[in-house]
Amino acid sequence: MGSSFSLSTCLLALALTVSLLFTSSSGHGHSWDPYTDKAKMIHHDGPMLTGKVKLALMWYGDCGKDIKNTMRNFIKSLDLPGKDHLQPQVTRWWEVVESYQAMMPGAKPRKSPKIKVKVVKQLTNKSYKHGKVLTLQAHIPILIEELTKGDTSVIPVIVAARDVSIQGLCNGKCADHLLTEDPKPRPYIIVGNPETECPEECGWPFVPAKPGSKGPVLKPPSGNMAADAMVIAFASALADAITNPMENGIYHENSATPMGPAAVCKGIFGPGAAPGNPGKVQTDPKTGGNFNAHGNNRKRFLLPAIWNPATKACWTL
């Protein structure tokens with residue numbers, strides 16, 4: 001009886017520790033209202049990523065082909081428009097991210113140069129070698145080293161399977177751009193999977209929002225809720241990594257934490273967006289899938305609104 005009680009106590013303590021660990025990291029400022037507050041993106045003297053940006057992807061756990069293919073197709077679509085030229089294109093969304101180069105010192109008054117993003121390495125870890133609860137201090141640095149082998153020219157991207165939790169996600173963030181705590185910090189991206197982890201927050205607008213919210217539930221354009229929601233989250237984190245890679249670049253200063261181009265427009269996908277309502281988007285007449293961007297190979301995506309330097313306001317396709 002005593003040993004059973006002791007074990008139960010230890011398990012409860014562990015559960016509370018994990019709960020506190022994952023709730024201690026606040027989101028992009030819960031007091032921020034993207035529908036009424038006006039962002040002011042400012043350059044803080046640091047760099048932004050330009051030219052060729054190389055990504056190294058780690059699929060941690062059994063991510064499945066739908067998630068892998070959807071995310072890879074999105075990355076390809078950033079600078080490779082569809083041959084059918086249907087509008088609007090993912091490339092147009094990416095041009096707004098590229099336009100942040102005009103905010104850098106010494107920028108010339110012309111169209112911003114292209115930023116080409118390419119996946120140069122992929123690694124799949126189906127063995128859950130480091131468990132199913134990944135922490136930023138104990139596990140992520142090891143995964144980055146396993147993925148990059150010390151190559152600092154690539155941006156590591158850790159993508160979680162449905163049964164994997166990553167510290168810092170689920171509370172206002174479904175993916176994030178962060179820096180390692182090494183003597184020489186490097187940027188990286190983590191992407192959570194909303195299939196079982198906080199689907200109401202990170203699966204929206206493809207699943208019903210939290211109780212009390214009103215608005216339509218959209219149908220994922222690829223047919224896979226997790227895959228399309230992860231593209232939304234990854235797109236936001238990627239835009240943040242490009243414009244603010246070392247956390248001293250271009251961002252909006254919020255009382256809780258700096259906010260990137262998509263974070264300040266969170267929840268907006270089309271005209272008429274309101275709390276719980278993503279706004280007006282397109283519908284595929286064949287599949288019923290909802291989207292706002294055409295990509296490469298006839299793929300369609302739902303992309304988040306981002307702050308446009310030209311209009312100084314949230315912008316959608």
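Predicted model: local features only at pLDDT ≥ 70, side-chain atom pairs only at ≥ 80, totals over all residues.
I first looked up the disulfide (a pair of cysteine sulfur atoms within 2.5 Å) that joins C265 to C314, with S to S at 2.1 Å. C265 lies in the loop between β9 (250–252) and β10 (282–283), and C314 in strand β15 (residues 313–315), 49 residues apart. I took helices (H or I, at least four residues) and strands (E, at least two) as DSSP runs, numbered from the N terminus. C265 is buried at 1% relative accessibility, while C314 is partly exposed at 31%. Buried means under 20% relative accessible area, exposed over 50%, and partly exposed in between (1.4 Å probe, protein chains only).

Residues are numbered from 1 along each chain as its sequence is written, and side-chain values use heavy atoms, without hydrogens and water.

I counted 3 disulfides by this rule. C170 is joined to C198 (S to S 2.1 Å), and C174 to C202 (S to S 2.1 Å). C174 sits in the loop between β6 and β7, and C202 in helix α5, 28 residues apart. I found C174 buried at 15% and C202 buried at 9%. With the bonded cysteines numbered in sequence order, I noted the pairing 1-3, 2-4, 5-6.

I then turned to D228, which is placed in helix α6 (residues 225–243). I recorded its contacts (heavy atoms within 4.5 Å) with T70, F206, P220, P221, S222 and G223, not counting residues up to four places away in sequence.
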